[in-house]
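Here are some friendly notes to read alongside the model. Please keep the structure open as you go through the points.

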Amino acid sequence: MGSHQQPIAPEKKIQQLVALKQAGSFSLSQTGYPVPAPDEICIRNRAVGLNQLDNKNFDRGMMIRPEQWPVVLGMDTAGVVEVVGAKVTGFKAGDAVVSVAGLPGRPGTQGDRNKMSAFQDVTTVPATWASRKPKGWSFAEACSVPMCYLAAAATITHGLCTPLPFLQSAGPGTPGVGTPQQQSPPVIKSVLVLGGSSGVGASAIQLLRIALPKAKIISTNSVSQNKRVMDMGADAWVDRHLEVEEIIAATRNQNDERGVDAILDAVGYAGESPKVLRVLRDDGPRMYAYVMTDKEEREVPEGVRAMRCFAGMMLNTLAPGPLGGKAVGSAASGSGAMAKLVDLVDEGKFKLPLDVQVVGQELGDIPAGLKMLKEGVSGTKLVVAL
């Protein structure tokens, strides 16, 4: 049961890291303690994750409308629940949680995006966006996961129209559990994961292994990441530094000289090298799911069923899938995906997808961390502990 919401003293303040304008500068400022809606929780952030999407939002306003500046950014957090809304039953004050944050507004938020973002002392989100923190993970480790986990789940359920069994275990009408479409899911026996050592890629490999236990999973990654992707559940790897024609040939070589049934693009590789789609088998379902890395839709060859996917798909109303129906087994709200995360970890079915590097101890350290991320890191999630 959730605890009763305690009144927040008007003078109580929290600190925020505010991006003043697109490609501008950051400033630390104080604001009033947020008041949660009936279905929301307030989380005292203990660690926040840094994402390339934060850089894209800051530099290009990728998910920020012009009128929204100045804004608070940040999309991954872990911390301790301080206040719960009147209708929240799954959390209470004092619970250690991990949560996605900073996604575009939802009905009922009245456009208050800032209170839902991570780069501040306290983040206020719908309770369905959060999960209990796995006991074996530190706050720094936990905050490295939400965005990549949800984006990976979206590429599988929406992009590849493939059920995730742990989202179908609840009965009809359970919040957060999608209703399977009438049309059967495609038969996928082989998948090429482009960028398998990225956060989304490594998460996707693990979830694909759950969804398609007998499928051949091939990853593109740096040679130094081979052991990691194999430990996550990949069957084979291809050096990502090869030319695209060589990647196609090596992938076919790993799959008895045949192409693959589906491609899951975790890093936007096919946007720059669309020839890689030639590795799709002519006699297979020819599915291409890609994570949103820019605002543009991809042009794909005739006969290839493509969908651009993003983490928010697992938190909002079901979106149409490439088969013309709803994605099989996907989530209508975060309770179908985020709430299950801790169970997957406890059951040994989901590991940390990346190494974690703490690059700061306070909100003011975030800009330097984002700059470090932009300059390039491999197999590592940068986080700031608070």
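**Notes on the model**

1. Let me begin with a residue that sits between inside and outside: arginine 132 is partly exposed, at a relative accessible area of 44%. The scale used here calls a residue buried under 20% relative accessible area, exposed over 50% and partly exposed in between, with a 1.4 Å probe and protein chains only. Arginine 132 forms a salt bridge with aspartate 343, and their closest N and O atoms are 4.0 Å apart. A salt bridge here is a side-chain nitrogen of Lys or Arg within 4 Å of a carboxyl oxygen of Asp or Glu. Aspartate 343 is also partly exposed, with 30% relative accessibility.

2. Before going further, please remember that this is a predicted model, in which local features need pLDDT of at least 70, side-chain atom pairs count only at pLDDT 80 or more, and totals for chains, interfaces and linings use all residues. Residues are numbered from 1 along each chain as its sequence is written, and side-chain values use heavy atoms, with hydrogens and water left out.

3. On confidence, pLDDT is the predictor's confidence in each residue, from 0 to 100. The chain averages 88, and 85% of the residues score at least 70. Residues 169–182 stay under 50, and the model has 28 contacts for them beyond four places in sequence; a contact means heavy atoms within 4.5 Å. Residues 317–335 are likewise below 50, with 78 contacts beyond near neighbours in sequence. I would ask you to look at both stretches with this in mind.

4. Back to charged pairs: the count comes to 15 salt bridges. One of them joins the side chains of glutamate 40 and lysine 115, at 2.8 Å from N to O. Glutamate 40 lies in strand β3 (residues 40–49) and lysine 115 in the loop between β6 (96–100) and β7 (122–126), so the pair ties together parts 75 residues apart in sequence. Strands (E, at least two residues) and helices (H or I, at least four) are DSSP runs, numbered from the N terminus. Glutamate 40 is buried at 0% relative accessible area, and lysine 115 counts as buried at 13%.

5. The side chains of arginine 286 and aspartate 282 meet at 3.4 Å, N to O; arginine 286 is buried at 14%, whereas aspartate 282 is exposed at 71%.

6. Which strands make up the open sheet, and in what order? Its 6 strands run β11-β10-β9-β12-β13-β14, with parallel pairing; two strands pair if DSSP finds at least two bridges between them. β11 (236–239) and β14 (305–309) stand at the edges with a single partner strand each, so one side of each has no neighbour in the sheet. The twist averages 15° from one strand to the next. Between β12 (residues 262–265) and β13 (residues 287–291) there are 4 bridges, and alanine 262 has methionine 287 as its bridge partner in β13.

7. Helix α6 (residues 244–254) lies across β9, β10 and β11, at about 165° to β11. Axes are lines fitted to C-alpha atoms, for helices over the stretch in contact, and angles run from 0 to 180 degrees between N-to-C directions.
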